[in-house]
Amino acid sequence: GPLACKLCLDARKAGKDLTSMLARFLKEKYHAQYDPAETPEAWDEFHGRRAEIEVRYIRHSHDAVHDTFGHGEHRGASVRELVEKLIQGKVRTQDLTPFVVIKIGDQEFWAVFGNRRLKALKEFQEHEGTHRKVKARCLVWSKDDVPASLACKLAMSATTTNDGQFAAYKGKGRGK
C-alpha cells in the first residue's frame, strides 16, 4: 500500500501520467503471486489471510464482467452456467477458487481478482434469498498492509460506477 501511494504521489508531483506508470508496473504481473487462480500455492502461502466472507460484503471492482470464463476450471463456461450449477448443488461455494480482496472498511471488501465468480455468487445469493448467507473463501489484505502490486491492480481495474454493488454483463471475453 504505502509504496503504491508513494509511487503515485511522486509521479503526480513530477507531472507524469499515473495510468501509464501503473500499467508498466502491472505488466510484470507481480500481483499474480497473490492470486490463487494464477498461483494455486498462494492459498497455502498466505494461509494466515484466509477468511470466509459473506458475498454481500464483497464489492465488484468492475462495472461489467464478461459473461464467459476464459481461464481456470470454468474456462469456456458462462457465468450463468456456474450459477445454475450452484443452484443445483453440482458446485459448492467452497469449491470455487478463492478470491483476493482488500478490506477497506468494516464489512467492505473489494475484489481484486474474481469478479466473474463474484457475479455468480451474488446471483446465487439472490436465488437463495436472505435465509442463507452465501460465503466465499478469500485471502484478505487490509488497506494498511496490502502489497503495492495488489493496490495497483485494484486501482487500475476499478471501473465500477455504483460503489461496487453490481456488475452488469458484457459480451464474451477473456479472464478467470
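I started with Asp145 and looked up how open it is: partly exposed, at 35% relative accessible area. For my own reference, buried means under 20% relative accessible area, exposed over 50%, and partly exposed in between (1.4 Å probe, protein chains only).

A note on what I'm looking at: this is a predicted model, where local features need pLDDT of at least 70, side-chain atom pairs count only at pLDDT 80 or more, and totals for chains, interfaces and linings use all residues. Residues are numbered from 1 along each chain as its sequence is written, and side-chain values use heavy atoms, with hydrogens and water left out.

Next I checked the partner. Asp145 makes a salt bridge with Arg49, 2.9 Å from N to O; the term means a side-chain nitrogen of Lys or Arg within 4 Å of a carboxyl oxygen of Asp or Glu. Asp145 sits in the loop between strand 6 (135-142) and helix 6 (148-157), and Arg49 in the loop between helix 3 (42-45) and strand 1 (50-54), so the pair ties together parts 96 residues apart in sequence. Helices (H or I, at least four residues) and strands (E, at least two) are DSSP runs, numbered from the N terminus. Arg49 is partly exposed too, at 23%.

How many salt bridges are there in the whole structure? My search gave 8.

Then I looked at Glu108, which bridges to Arg59 with the closest N and O atoms 3.9 Å apart. Glu108 is in strand 5 (residues 108-113) and Arg59 in strand 2 (residues 58-59), 49 residues apart. Arg59 counts as buried, at 16% relative accessibility. Shared partners join Arg59, Glu108 and Asp163 into one salt-bridge network.
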